Amino acid sequence: MAGKIIAGVLSPHPPHLVYASNPPQNEPRSEGGWEGLRWGYERLNQSLFSHPDKKPDVILVHSPHWMTVVGHHVLGLPHFKGLSVDPIFPHLFRFQYDLKVDVDLSLLIAEEGKKEGLITKVMKNPDFRIDYGAITSCYLTRPEFDIPIVAISSNNSPYYFSNEVGQAQMEKLGRATARAIARSGKRAVLLASNSMSHRHFTTEPEIPEDMSFEHIYHHGQYLWDMEMLKLMKAGRSRQLVDSLPEFMDMALAEVKAGALTWMLSALGFPSYPAEVHAYGSVIGTGNAVVEWDHFKHAGGEVKI
Ligand code: 2X7
Ligand code: FE2
């Protein structure tokens with residue numbers, strides 16, 4: 001039977017959200033913080049995992065913090081274990097991870113990507129350190145880590161060439177991912193691991209989780225985020241993708257790295273409404289947990 005896409009998710013990854021949750025795998029301890037976003041992830045978790053027919057076999061994550069200069073890389077070993085440290089926030093994120101990888105699906109994505117004319121590479125270094133973006137999105141979506149993942153790198157083309165070249169590559173990667181899922185026979189959830197507007201404060205309060213300091217960096221960023229969320233809620237994903245290059249330039253949006261375009265392309269640019277589970281700022285950046293419930297609105301069908 002052909003595979004299915006259960007849902008696509010805009011899944012922000014500030015390490016603060018892991019720090020605030022105090023999981024045993026993370027070394028630093030906190031007094032909480034950023035509850036609005038963390039409760040949004042709890043609602044996502046309910047939506048994804050409480051329906052027996054909806055439960056996924058695999059979680060795919062595309063992260064801007066695994067950046068590759070040549071081509072699009074996928075994890076190619078069944079198991080990765082180690083310590084992931086955020087280079088900017090090592091006092092917040094020092095996470096012992098232990099992950100299972102769906103290597104069969106990784107290989108299919110690499111193969112289908114080549115058919116789109118993309119350079120793809122399967123990463124087989126057993127000492128490779130998984131980036132904090134992928135770990136944070138996977139942890140917040142499914143803290144148990146009991147579902148195999150496929151992690152996909154962010155190719156650097158939007159930074160080396162242009163937003164438009166980068167987007168075009170991500171549309172191809174999304175189509176390749178959809179075909180790979182269809183061939184795999186698996187039920188997949190796709191995580192676009194991205195914040196929205198991305199100007200941020202360069203100093204933090206003495207207590208990082210002191211919420212009296214947390215707010216959006218400036219009003220213009222907030223307005224841009226709201227405009228993008230309006231398109232998501234209205235089911236206008238084609239118009240959304242067409243607006244992203246301007247959003248990237250105006251709000252330094254992290255979607256520049258391509259995860260959102262990849263995910264919407266894999267879903268076939270849905271015209272049904274997305275559900276916004278939460279919106280909130282982290283050190284001034286805009287972040288939203290948004291679900292495209294492909295199971296509910298399209299029966300999980302993969303358009304290829
Ligand atoms: O990677 C991030 C991010 N995207 C947003 C906010 C803070 C930290 O890390
Ligand atoms: Fe980030």
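The largest nonpolar core holds 82 residues, and Val150, Ala151 and Leu190 touch the most other members. Such a core is a set of buried Ala, Val, Leu, Ile, Met, Phe, Trp, Tyr and Cys residues joined through C-beta atoms within 7 Å. Buried means that 20 or more other C-beta atoms, placed from the backbone, lie within 10 Å of the residue's own. Helix 6 (residues 163–184) gives the most to this core, 7 residues. Helices are DSSP runs (H or I, at least four residues), numbered from the N terminus.

This is a predicted model: local features need pLDDT of at least 70, side-chain atom pairs count only at pLDDT 80 or more, and totals for chains, interfaces and linings use all residues. Residues are numbered from 1 along each chain as its sequence is written, while chains are lettered from A and ligands numbered from 1 in the order in which they are written.

Helix 4 (residues 132–141) is mostly covered, with 10 of its 10 residues buried. Among them is Ala134. Leaving aside residues up to four places away in sequence, Ala151 touches Ala134, and also Val61, Ser63, Trp66, Val74, Leu75 and Ile130.

Now take helix 7 (residues 219–233) and helix 8 (residues 237–251). Their axes, lines fitted to C-alpha atoms over the stretch in contact, come within 11 Å and cross at roughly 170°. That makes helix 7 roughly antiparallel to helix 8 (over 145 degrees between N-to-C directions). Contact here means C-beta atoms, placed from the backbone, within 7 Å.

Conventions. Axes are lines fitted to C-alpha atoms, for helices over the stretch in contact, and angles run from 0 to 180 degrees between N-to-C directions. Helices (H or I, at least four residues) and strands (E, at least two) are DSSP runs, numbered from the N terminus. Angles under 35 degrees count as roughly parallel, over 145 as roughly antiparallel, 65 to 115 as roughly perpendicular and the rest as oblique. A residue is buried if 20 or more other C-beta atoms lie within 10 Å of its own, exposed if 12 or fewer, and partly exposed in between; C-beta atoms are placed from the backbone. Two residues are in contact if their C-beta atoms, placed from the backbone, lie within 7 Å.
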